[in-house]
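Hello,

Here is the structure I promised to pass on to you. My notes on it follow below.

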Amino acid sequence: MAAGAQNNQGEIFIKNVTKIYDPEGVHVVAMKDCSFDIAAGEFAVIVGPSGCGKTTLLNAIAGFDTITSGEIYLDGELISSRDRQIKPDVERMVVFQNGALFPWKTVMENVIYGPVVQKRMKRSEAVDAARDMLHQVGLNGIEDKYPEELSSGVQRRVEILRALINKPKVVMLDEPFRGLDAVAKTVMHEFLMDIFCESPRTMFFITHDLDEAIFLGSKVIIMTTRPAQVKKIVQVDLPWPREHHLLGSQIYLDLKREVLEAVHEEAKKAFEAGEREMA
Amino acid sequence: MMSRLKARVTDPQLLRALIGILVFVSLWYLFTAVLNLPRFKLIPNPIAVLKDWFSFTPASGRSIFTKVYYLDIAYSVGRTLAAFALATILGVSLGLLMGWSRTFYDFTFPIVELLRPMPPLSWIPLAILILPGVEIAVVYVTFIAAFFATVLNTLLGVFSIDKNYFLAARCLGSRPKDVFMNVIVPGSLPFIFTGLQIGMGISWMSLVAGEIIAGKQGLGYAIYEGYFLYQFEHVISYMFTLGILGYISSAAIRAAGRKLMAWEARRRGA
């Protein structure tokens, strides 16, 4: 079953995107002539050295920041260029690195926030929908808890549900499982896998964890060290839904070697660049 | 029920609190009644103060059995509450607006920072000249320092909010007014309540000073009167009255804070 078959929305074209921070002053080229496409309903995973500009790209797609040149299209609509920047909206939902559930709202209030504030659902409808979603992923009985009363793994799942209830075209996740232990991560992967297979939509997933990248991604986009460009794109043609025993299979190990080699080259370059800066 | 009461009585925290108070009162007694230290000659000992405070016929005419005692309290509490309510409404509004709008901040921050350090009492002459009636002048002096403490803490509260909450709110489809109500207001509440605590403390301080200088009734005014009339028992009992009122007002603010910020209380496991 090809994920994305039922969904033909959320196609992203990234064309020659360049981002220069502080062009008049320090002039940091975060990204130079970066181009790649993400098909509708594709699970794209972005890996690359720290500080290479992955988050820069996410911010541009989300509408949090502008780009210096190039164009980004979502379903044929220009959403970001030098002269045009569409503001953030519910079609491009972001799940943040350090988590951004509102600590002053309960789990239920967090999840229903989007549909209620957009006046897309009545409060009671949104509560029903949220309860169904929580129930479906086995998160019962936490509706009235505050985020900080929950483990970070549960917080992340709730935050992902808060994004999904809006049925966005694209879900962008910036290292969402960083800092979770290995066991919790496995749970998160299965959770994300399940909801992705249930209703496939375009995913833009940033990570450092190569196992995670291959396990979840339908393609892995490896970025170069700064200024970021696409180093290599590895298609992951493993069947969905993926199971954890895959991680021992030969095809998986081959993919991992391929990704690892590309990442390692860039990591070395980044390290040497760092050494030069230190010297 | 009994065991809970027993646990309460043998609770080391309560015991330590009682010991602390006992040591303080003993030293006071020692200095005034036993040692008769030269500088403490005119200072009444704790027993004399209590006797006067709880007397049916106090020498000063002021005890818990006299009407004037409650009138003094009513005046002071009324002034403080009026000043504090005004400081909260205006201070929180101004602080939130300053934190919300960069333009408004640019206009207002320098002048706020210039006025803020002025000691409340330095306002007395202007307050009396400009405001109609001494009563309003005293309230103004009580208000002004609490107001600035509230503004500053509210502003810091808005600045303390994680940027990601704003981004998340925008992603989720919030208009500016939704961001204000759902991110800025709740996000700055912990700092606002710190500001209110500080503000309440400053209010009481400025109130007594204001009453001494410009008042006609109230606890501060009565303390000063007691000083001139050599009624030191009532000076001290009124000081403790102020202490108790301050303690109650702080506790009330904390309780309101816990109610409004259930998420904070639960995080601390309260």
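Chain B has 12 helices and zero strands, where helices (H or I, at least four residues) and strands (E, at least two) are DSSP runs numbered from the N terminus. Its pattern along the sequence is accordingly α-α-α-α-α-α-α-α-α-α-α-α. The C-alpha trace of chain B spans about 70 × 60 × 35 Å along its principal axes.

Please keep in mind that this is a predicted model, in which local features need pLDDT of at least 70 and side-chain atom pairs count only at pLDDT 80 or more, while totals for chains, interfaces and linings use all residues. Residues are numbered from 1 along each chain as its sequence is written, and chains are lettered from A and ligands numbered from 1 in the order in which they are written.

Of the 270 residues in chain B, 35% count as buried (20 or more other C-beta atoms within 10 Å of the residue's own; exposed is 12 or fewer, partly exposed in between, with C-beta atoms placed from the backbone). Among contacts in chain B with a separation of 6 or more, 67% link residues 24 or more positions apart; a contact means C-beta atoms, placed from the backbone, within 7 Å.

Now to chain A, where six strands form an open sheet of mixed pairing in the order 6-7-8-3-9-10; two strands pair if DSSP finds at least two bridges between them. Strand 6 (92-95) and strand 10 (230-235) of chain A each have a single partner strand, so one side of each lacks a neighbour in the sheet. On average, neighbouring strands of this sheet are turned by 20° against each other, direction ignored (axes are lines fitted to C-alpha atoms, for helices over the stretch in contact, and angles run from 0 to 180 degrees between N-to-C directions). Strand 9 (residues 219-223) of chain A runs antiparallel to strand 10 of chain A, joined by five bridges, and Met223(A) is opposite Val230(A).

Strand 4 (residues 69-74) of chain A is worth a look too. Gly70(A), Ile72(A) and Leu74(A) make up its covered face, whereas Ser69(A), Glu71(A) and Tyr73(A) lie on the uncovered one. Five bridges tie strand 4 of chain A to the antiparallel strand 1 (residues 12-21) of chain A, with Thr18(A) partnering Ser69(A). Four bridges connect strand 4 of chain A to strand 5 (residues 77-81) of chain A, again antiparallel, and Tyr73(A) has Leu78(A) as bridge partner. Two residues separate the strands of this hairpin, where Asp75(A) takes a positive phi near 50°.

Best wishes

How values were computed: Contact = placed C-beta atoms within 7 Å.
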